[in-house]
Amino acid sequence: MLRLRRPSFNLAACAQAVRAVLADPDKRRLTDPLWQSTEVVRSLPSRLVRIEGWRTLELGIVTERFKAPAVVVSPRDSLVVRVRLKSVDGTRVRLVQRSVDAPALAVPRGYVRLRLACGGYQIRAVAPDRCTTVYVNALDPNGYVPKPVVRTTMPDRAMTVAKAAQAAERHRKTGKWR
């Protein structure tokens, strides 16, 4: 089963603050209540990725773990190659991920490894307090997930960037990340 969500948002939030929420593991729970952990398994030289008009900020192999969204579903694990890019003009940031196979990195006991065909986001500053974003999440959960669970979790996934903007706005008003 392959699910694709690609919403685009115009946000009343600073691009840098939205990026901070999405990129910082300490803030990840603000946008994804199912997220448990992120581990960089291996950092790779950024020079391995060259795209005209972009600077590669980070390249690596990353594993993430997620709680089960319902009692009848196993928790999920992912193993991806992740690249973070910044446009040479400094107005856009992208994070792109795709699953990789690594037989030496076993799936943790009790987890199911999902397959991410393509995932990530782009954030573009359009003003000091405004940005636009695109979020892509095309994945195969790699196992049975009841339709009611899919109907609940997929829209929530699509709202990841909007939740980041809300957290950034709360931080601007209160000075606290919550």
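Let's start with pLDDT, which is the predictor's confidence in each residue, from 0 to 100. What you are looking at is a predicted model, where local features need pLDDT of at least 70, side-chain atom pairs count only at pLDDT 80 or more, and totals for chains, interfaces and linings use all residues. Residues are numbered from 1 along each chain as its sequence is written, and side-chain values use heavy atoms, with hydrogens and water left out.

Across the chain, the mean pLDDT is 88, with 96% of residues at 70 or more.

Now to the helices, which are DSSP runs of H or I with at least four residues, numbered from the N terminus. Helix α1 (residues 15-23) meets helix α3 (residues 160-174): their axes, lines fitted to C-alpha atoms over the stretch in contact, with angles running from 0 to 180 degrees between N-to-C directions, come within 8 Å and cross at roughly 115°. On the α1 side, the contact is made by Ala17, Val18, Val21 and Leu22, while α3 brings Thr160, Val161, Ala164, Ala165, Ala167 and Ala168. Sorted by class, that makes nine nonpolar residues (Ala, Val, Leu, Ile, Met, Phe, Trp, Tyr, Cys and Pro count as such), one polar and no charged (Asp, Glu, Lys and Arg are charged, and the others, Gly among them, polar).

Follow the chain past α3 and you reach the segment that holds arginine 178. Its C-alpha atom is separated by 9.1 Å from that of alanine 168, 10 residues apart along the chain. Setting aside neighbours within four places in sequence, arginine 178 touches Leu30, Ala167 and Arg170.

Notes. Helix = DSSP H or I, 4+ residues; strand = E, 2+ residues; numbered from the N terminus. Contact = heavy atoms within 4.5 Å.
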